Amino acid sequence: MSTPTAPTVAELEEQERRLTLPHFTYDDAWALGTLLVELARERSAPVAIDIRRGGQQLFHAALPGSTPDNDAWIDRKRRVVDRYAASSLLIGTRFRAKNTTFEDSSRLDPDVYAAHGGAFPITVEGAGVIGTVVVSGLPQLEDHAMVVEALEHFSATL
């Protein structure tokens with residue numbers, strides 16, 4: 001997989017509009033999580049994967065090469081999605097588009113929140129953001145791209 005280029009705010013917003021799902025069940029979490037594990041294994045990606053709905057963790061996997069630090073990054077990126085109802089990469093990109101950084105301007109503790117790519121909202125038609133899917137272990141653009149690729153494949157099966 002080649003290194004993705006940094007998407008624009010408009011491109012990231014379009015991804016989120018396009019990847020709204022008709023539903024998201026426990027079985028859907030398992031299917032999306034196992035799809036992400038398959039993608040990561042194909043690429044020997046040393047990632048951790050986390051899927052949550054509301055406050056409940058529905059799926060978690062840590063692949064070879066991942067570390068406890070990846071779980072900490074998952075938590076920090078997930079909190080950004082929970083707070084802003086948008087992908088962690090989109091939030092970081094919005095701050096950079098204003099010639100600042102999330103860390104300098106959000107007034108949020110960087111030990112608790114990280115606006116780095118890899119956390120994406122699970123949005124259900126008619127319900128809004130109901131959860132998150134997060135990948136951590138690759139450079140942030142690659143974490144984000146892996147989540148988007150999996151959601152694209154997954155949403156095509158619904």
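Axes are lines fitted to C-alpha atoms, for helices over the stretch in contact, and angles between N-to-C directions run from 0 to 180 degrees. Helices (H or I, at least four residues) and strands (E, at least two) are DSSP runs numbered from the N terminus.

The structure is a predicted model, in which local features need pLDDT of at least 70 and side-chain atom pairs count only at pLDDT 80 or more, while totals for chains, interfaces and linings use all residues. Residues are numbered from 1 along each chain as its sequence is written, and side-chain values use heavy atoms, with hydrogens and water left out.

**Helix pairs**

| Helix pair | Axes come within | Crossing angle |
|---|---|---|
| α3 and α4 (residues 88-97) | 8 Å | roughly 75° |
| α1 (residues 9-18) and α4 | 9 Å | roughly 155° |
| α2 (residues 26-42) and α6 (residues 140-156) | 10 Å | roughly 130° |

Angles under 35 degrees count as roughly parallel, over 145 as roughly antiparallel, 65 to 115 as roughly perpendicular and the rest as oblique. The axes of α3 and α4 cross at roughly 75°, which makes α3 roughly perpendicular to α4. Contact, meaning heavy atoms within 4.5 Å, joins Lys77, Val80, Val81 and Tyr84 of α3 to Ser88, Ile91 and Phe95 of α4. The residues of this α3 and α4 contact comprise five nonpolar, one polar and one charged. In this classification Ala, Val, Leu, Ile, Met, Phe, Trp, Tyr, Cys and Pro count as nonpolar, Asp, Glu, Lys and Arg as charged, and the others, Gly among them, as polar.

The axes of α1 and α4 cross at roughly 155°, so α1 is roughly antiparallel to α4. The crossing of α1 and α4 is left-handed; a crossing is left-handed if the near helix is turned anticlockwise from the far one by less than a right angle, and right-handed if clockwise. Val9, Leu12, Glu13 and Glu16 of α1 make the contact with Leu89, Leu90, Thr93, Arg94 and Ala97 of α4. Five nonpolar, one polar and three charged residues take part in the contact of α1 with α4.

Helices α2 and α6 are oblique to each other, and their crossing is right-handed. From α2, the residues in contact are Asp28, Ala31, Leu32, Leu35, Leu36, Leu39 and Ala40; from α6, they are Met146, Val147, Glu149, Ala150, Leu151, His153 and Phe154. By class, the contact of α2 with α6 has eleven nonpolar, one polar and two charged residues.

Buried means under 20% relative accessible area, exposed over 50%, and partly exposed in between (1.4 Å probe, protein chains only). In α3 the buried residues are Asn70, Ile74, Arg76, Lys77, Arg78, Val80 and Val81. In α6 they are Glu142, Asp143, His144, Met146, Val147, Val148, Ala150, Leu151 and Phe154. These buried residues of α6 pack against α1, α2, α3, α4, β3 (119-124) and β4 (128-136).

**Individual residues**

Ala40 lies in helix α2 and counts as buried at 0% relative accessibility. Apart from neighbours within four places in sequence, Ala40 is in contact with Ala45, Val47, Leu63 and Met146. The C-alpha atoms of Ala40 and Val135 are separated by 9.7 Å, although the two residues are 95 residues apart along the chain.

Arg94 belongs to helix α4 and, at 30% relative accessibility, counts as partly exposed. Not counting residues up to four places away in sequence, Arg94 touches Val9, Glu13 and Ala86. The C-alpha atoms of Arg94 and Ala72, 22 residues apart along the chain, are separated by 23 Å.

Most residues other than glycine have a negative phi. Ala85, in the loop between α3 and α4, has a positive phi near 55° and is partly exposed, with a relative accessible area of 42%. Arg107 has a positive phi of about 65° although it is not a glycine. Arg107 is found in the loop between α5 (102-105) and β3, and counts as exposed at 81% relative accessibility.
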